[in-house]
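Please review the entry below before reading the notes. The notes are grouped by topic.

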Amino acid sequence: MEQQATSRYGEAGAEIGVEGALIRCSGAWTLRGAAALEAQLAQQSWPSAPELRLDASGIHVMDTAGAWLLHRTIASMRNGGRRVQVEGLHPDHRTLLDTIGALARAQQEVVEPQPDGLLTGIGKEAVTKARFALRFLSFIGESARAMLRWVMQPRRVRWRAFLHELQLAGFNALPITGLLAFLMGIVIAYQGADQLRRFGADIFIADLVGLSMLRELAPILTAIIVAGRSGSAYTAQIGTMKVTEEIDALRTIGVPPLDLLVLPKMLALTVALPLLTVFADIVGVLGGMVMASLQLGVSSNDFLERLRNAIDLSSFMVGVGKAPVFAAIVSLVGCYQGFQVTGSADSVGRRTTVSVVQGIFLVIVVDALFSVAFSWLGI
Amino acid sequence: MVAGMRQAPQAETVIEVSGVCTRFGSAVVHDHVSLSVRRGEIFALVGGSGSGKSTLLREIIMLQRPQAGSIRVFGREVLDLDEDGALELRRRWGVLFERGALFGALTVLQNVALVLREHTDLSAELIEEIATLKILRTGLPASAVHKYPSELSGGMRKRAGLARAIALDPELLFLDEPTAGLDPTSASGIDELVLQLKELFGLTIMVVTHDLDSLWRVADRVAVLGEGRVVGIGTMEELAQADHPVIREYFYGPRGRAAREQAWKKR
């Protein structure tokens, strides 16, 4: 009966033979051969006699998978109204089979959760969305109150955290913002050059690049870059801290998480985003200028001369003025989503995605609202 | 994990660690560590914090490489295995991590079924049945089967981790701090489960633990790591007689004394 220990691993090959009312099981009933055994058992036709004998003395190896298959087979025969006598089972295998039998009874109690119906699904989703909006609103309120406290008592401001965030979200974003704004300037000039040349209005390239960059493209481009760079980082950082209970630790030490984690980020981004936008304005126009001289032969002198006439302070202010609003949106959404993380690494990933998507979405929506408002006001 | 083969002909060596040296920068963690684990025994690795127990465990299960030495598992040198060989070995052992390391995106059932699906060609139905059995086997209630790890308590998560570790009916089980952070009832529940697995299947189990009660209860042999080496190896009774300062400190501290008296009382 006892098997050489070394040959145990990887053994497979269970056999079943039927002789009249006697079923002979032998070989290795293990996980390795369970797939073949399962197929064999499904096809096997059992004798129709009301009383069966199952000779298991030939089974020399058995693990839980094998024991489960044996148990399942015997159970299905018994359910068919037949009596099954199991003989010759090795005592250890008997113990295993009994354990499996006991567990199988507990297995009956496992209830698979039913997926929601369509109507329930819609209802639950609606409630979730409404709750989200409400909680986000209260988060904005809390942040605003905390911010007000900071303004009243500037001593409470965490300048170190603020400067650190300013470096991460502002200074470190300069290269990528510059590069993309420069390329954007080139693209606009390139696309516009062709049309303008047709009307002989080459010099208006300065108007085109200057106005579109300053009023729309630079602020939106910068906000989107920052939402992708910093908004996602805020969610991931706060979310991971939540998973590792660091947020709770902060609370117990008596440091409001809002004070340490949200406000410095919000403040830093509100300062950094307008500055980044100005930087993008300059580099973007520069890109357009380079393209104008290459494509249309408009010299930089002429370009700058024209630019001075084309844009006024209000165009510049319209663009830069939107930046702090975008900054507030991106930082609030990023931080809020971070606090919504529950439990697992998976949740951090999901929340980070939501944070970036919502951030960019809201930035564009608000930008559209700004456009409507400005046109009403005639700016 | 095969029942009925308890009395192997002679104690065969399953894990053989010899001359392992590990350094992190200038810090020497292991200075020629050697030990061997025999088939069918519960072998415990103990030592103070930072004595390199978990590092040694990670080296044996191929998550980390030592700078020098040799580690043989089932007679195969793990330090120069190719990918196929490594996979073959990994299929033969199960690992329970200290914090369970369950996949958060999956339910407990899916966590266990994942292992079966990766390594066998069983039908989805059979995989689910076997996975459910394993989960119930570790003493988790039926209501926990479809829950996510984040909905479980620490002790339940550890049981679920154990269910995943034994999913493939492994011959060798590695347990990293299986009872750490558990209440006494859950901890002794895990102890009993480990003993049962060994009794029923002749499993070889290597356990890293700080839990002195658990050591007296389950460990057949214990190796004490200290000063970068194995300072003592043997049964708990033998170690209790040893006079190496590290061992004495470990077993004759107030907690060690209490656990020992408790263990003697039970005999």
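Predicted model: local features only at pLDDT ≥ 70, side-chain atom pairs only at ≥ 80, totals over all residues.

Residues are numbered from 1 along each chain as its sequence is written, while chains are lettered from A and ligands numbered from 1 in the order in which they are written.

**Chain A overall**

- Chain A has twelve helices and four strands; helices (H or I, at least four residues) and strands (E, at least two) are DSSP runs, numbered from the N terminus.
- With a radius of gyration of 36 Å, well over the 21 Å from the globule rule for 379 residues, chain A is more spread out than a compact globule. The radius is taken over C-alpha atoms, and the rule is 2.2 Å times the number of residues to the power 0.38.
- The C-alpha trace of chain A spans about 105 × 60 × 50 Å along its principal axes.
- Of the 379 residues in chain A, 35% are buried (20 or more other C-beta atoms within 10 Å of the residue's own; exposed is 12 or fewer, partly exposed is in between, and C-beta atoms are placed from the backbone).
- Among contacts in chain A with a separation of 6 or more, 83% are between residues 24 or more positions apart; a contact is two residues whose C-beta atoms, placed from the backbone, lie within 7 Å.

**Sheet in chain A**

- Four strands of chain A form an open sheet in the order 1-2-3-4, with mixed pairing; two strands pair if DSSP finds at least two bridges between them.
- Strand 1 (14-19) and strand 4 (83-87) of chain A are the edge strands, each pairing on one side only.
- Neighbouring strands of this sheet are turned by 20° against each other on average, direction ignored; axes are lines fitted to C-alpha atoms, for helices over the stretch in contact, and angles run from 0 to 180 degrees between N-to-C directions.
- Strand 1 of chain A runs antiparallel to strand 2 (residues 22-29) of chain A, and six bridges join them. A:Glu15 has A:Ser26 in strand 2 as its bridge partner.

**Helix 6 of chain A**

- Helix 6 (residues 174-198) of chain A has 25 residues and reaches 36 Å from first to last C-alpha, close to the 36 Å expected at 1.5 Å a residue; the expected span is 1.5 Å times one less than the number of residues.
- A kink of about 30° in helix 6 of chain A is centred on A:Gly192 (the bend is the angle between axes fitted to the seven residues ending at a residue and the seven starting there).
- A:Gly192 is also one of the buried residues of helix 6 of chain A, which include A:Phe182, A:Met184 and A:Leu196. These buried residues pack against helix 7 (205-243) and helix 9 (257-295) of chain A.
- Just after helix 6 of chain A, A:Gly200 takes a positive phi of about 65°.

**Sheet in chain B**

- An open sheet of six strands in chain B has the order 6-7-8-3-9-10 and mixed pairing.
- Strand 6 (93-96) and strand 10 (229-234) of chain B each have a single partner strand, so one side of each is left without a neighbour in the sheet.
- Strand 7 (residues 172-176) and strand 8 (residues 204-208) of chain B pair in the parallel sense over five bridges, with B:Leu172 opposite B:Thr204.
- Strand 9 and strand 10 of chain B pair in the antiparallel sense over five bridges, and B:Ala223 has B:Ile233 as its bridge partner.
- The hairpin of strand 9 and strand 10 of chain B has two residues between the strands, and B:Glu227 in the turn has a positive phi of about 50°.
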